[in-house]
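Visitor: Could you take me on a close look at the place where the two chains meet, and then show me what lies around it? I would enjoy one connected tour.

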Amino acid sequence: MQKLGDFKLPQFFNYPPYFTLQPVKDTREKQMQLWKELILDYCRTQKIFIIEPEKEFPLFSNPAIERSLSHEAREVFLSALVSEGRAEWMDKGHRKCLILWHRIQDWADLILRFVKDNGLEDSVMTIEEIRSGTESRGTELHEIDRTVLMRALKLLEHKGKLAIFKGTSADDEGVKFSV
Amino acid sequence: MAGGKWLPTAELTSSGRPVLHPGEVECSLLSSVDLDCEENPSFPLFKSGLLILTTHRLLWIPDTTGSSSASAIPLSAISHIFSTKKWIKSMFASPRVRFQVSSNAQGRVDDKGSRLTVITLVLRGKSDPDSFLAKFWEAWRGRAWESSGPSGSESGKFGPGDVGGSSAGGGLRMPVVGVSGILRKEQEMWESTDKSLQDAFQDLNALMSKAKEMVLLAEKMRQKLLSGSNNQASSANDEEMGSKEEMQDWLLSVGIASPVTKESAGALYHQQLSRQLADFVKIPLERAGGMINLIDIYCLFNRARGTELISPEDLLLACSLWGKFDVPVMLRKFDSGVMVIQNKSHSDEEVFSRIKVLVLKPDALRTGISASDAAITLGIAPAMAKEHLLTAESKGLLCRDVSPDGFRFYINLFQEINLDMVKDHGTYSAWITATFASR
């Protein structure tokens, strides 16, 4: 079985038409479905949050069969993820795409569970502590993208589960949980 | 229709064109013509049909499609053509042409009959009776049926293929013995051809009168070659056979003896051209596997017509008229704009199943197929094969792979692929076997 790092690639990754944008509607829909699932799967296991379609991305080419996705195809598949709420374009030029293998709502739930599991119901933590502290090690929150984390925290703040404090610099930003 | 009792029936092709005798040429076509016989009260009404004047016969074809009851009056049975009477009533009534034919005792038209009957043609359509009468007179006086042997009287029994064998006996009757026999024959043939050519080019009129002879000559040569190659198949070497086949092909494509022209058909031109074309395309279609490019047909058709060339617009118009007639062929336009002629019975399903067999071969599973691979298997031109592949793609049978290596087609696995599991006996697992076995 072909691998990309420690990621097991599916067998159809060696099917050349998989890398050509199919013009026929039914075929294309199924092709998009397969690509969407593969992108989310790959990003989740590799903890990749941002894909830049204009740059090299290992999943988008298969040297074994000498095929790679055209720029148009990359944009089509990523846009399909965006339209399903599983990704977001970070700029108007579509140069960066934020991949949400968990939706923001799901991330927020993960944070709440993390808080409860560690008995942090009324404590104060900095953003950096959540991302790389000892408490989060081994959980999905470890090494989480800062943008995604901030979006999830803001959602929770909106619901009154916590308050975000602004420090003197971006590093000092902190949260007070009040679950 | 009861007309068969009084008039000999004429054979029609499946697209409604008359089957002409060898050497018979159309002279004029008129629409909306009635046939009438005032002396015979039981003579049925032949109302508003298409009248075709040829060098041998007067053919009357009913307007209603589907009925095969066309009638024919051999010109040899006509004993007199009356000139039109100019009188005051004729200014208001439809023009009439009357002529006298011989018939047998029961009243049936027959050139060996002893009784005489007068038949009237009523020309209801917009036509020029005087020019028709002149042509009629000319054809009758030409006595073309006498020069082509005894076939003239037996209307409706001659197909176009009957030229060979029986009527080819123009004096060249020598036993075909061995290769030398054929060589001798061909030698004689070339000598007489040479003479014909010299005669023909004396002046243009001579060329016109030789035209029929040339067609006959070509037909004769084809028959000779055909019989020669049958008898000597074992002794003749391949090269000789090859050149003979080529020669046969050329001679075959000589053949429309009586092309529909604007002059002969007038307003009916496109309609008749359309029918003639439908008859013509049958053989090339068969060879091309049921579908042929419009451009190829244009070339073949015009070559067969010789000097009476038609324009591409006329061809297209003739093809587009097929929808109105009950003919076995149709014009088809692919999404890419390529236009082809195909048999109505030609089914995409059959082509698809052959494509499917091709793409499911282990090699094709791994590397796909190109248009030229399909062309070789299907026995058609690559451009046509590509149209078929694209159609198969649009039906979801195939999918494409565009890469620096070119444009290739694979069997469509997408609907079968599932992220989690692979079915044991599907096309996907066959593909996996073919692809990963080689690594």
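Guide: Gladly! The contact draws 18 residues from chain B and 17 residues from chain A, where two residues are in contact if their C-beta atoms, placed from the backbone, lie within 7 Å. On the side of chain B that touches chain A, helix 14 (382-394), strand 12 (398-403) and helix 15 (427-437) of chain B each supply at least two residues. Strand 12 of chain B gives the most to that side, with 5 residues.

Before we go on, a word on the model and its labels. This is a predicted model, in which local features need pLDDT of at least 70 and side-chain atom pairs count only at pLDDT 80 or more, while totals for chains, interfaces and linings use all residues. Residues are numbered from 1 along each chain as its sequence is written, and chains are lettered from A and ligands numbered from 1 in the order in which they are written. Helices (H or I, at least four residues) and strands (E, at least two) are DSSP runs, numbered from the N terminus.

Let us stay with strand 12 of chain B. Strand 12 pairs with strand 13 (residues 406-411) of chain B in the antiparallel sense over 6 bridges; two strands pair if DSSP finds at least two bridges between them. The two strands form a hairpin with 2 residues between them.

Elsewhere in chain B, 3 strands form an open antiparallel sheet in the order 9-11-10. Strand 9 (291-293) and strand 10 (329-333) of chain B each have a single partner strand and stand at the edges, so one side of each is left without a neighbour in the sheet. Neighbouring strands of this sheet are turned by 30° against each other on average, direction ignored. Strand 10 of chain B is joined by 5 bridges to strand 11 (residues 339-343) of chain B, and the two run antiparallel. Within that pairing, B:Lys333 has B:Met339 of strand 11 of chain B as its bridge partner.

Stepping back, chain B has 15 helices and 13 strands. Of its 439 residues, 32% are buried; a residue is buried if 20 or more other C-beta atoms lie within 10 Å of its own, exposed if 12 or fewer, and partly exposed in between, with C-beta atoms placed from the backbone. Among contacts in chain B between residues at least 6 apart in sequence, 61% join residues at least 24 apart.

B:Trp137 sits in helix 1 (residues 129-142) of chain B and counts as partly exposed, because it has 13 C-beta neighbours inside 10 Å. Its C-alpha atom is separated by 9.5 Å from that of B:His80, 57 residues apart along the chain. B:Ser32, in strand 2 (residues 26-36) of chain B, has a positive phi of about 50° although it is not a glycine. B:Ser32 is partly exposed, with 17 other C-beta atoms within 10 Å.

Now across to chain A, which has 5 helices and 10 strands. Buried residues make up 25% of its 179 residues. The axes of helix 1 (residues 25-46) and helix 2 (residues 71-83) of chain A come within 10 Å and cross at roughly 75°; axes are lines fitted to C-alpha atoms, for helices over the stretch in contact, and angles run from 0 to 180 degrees between N-to-C directions. That makes helix 1 of chain A roughly perpendicular to helix 2 of chain A, on a scale where angles under 35 degrees count as roughly parallel, over 145 as roughly antiparallel, 65 to 115 as roughly perpendicular and the rest as oblique. Helix 1 of chain A contributes A:Met32, A:Trp35, A:Lys36 and A:Ile39 to the contact, and helix 2 of chain A contributes A:Phe77, A:Ala80 and A:Leu81.

Our last stop is A:Glu143, in the loop between helix 4 (127-132) and helix 5 (146-158) of chain A. A:Glu143 has a positive phi of about 65° although it is not a glycine, and with 11 C-beta neighbours inside 10 Å it counts as exposed.
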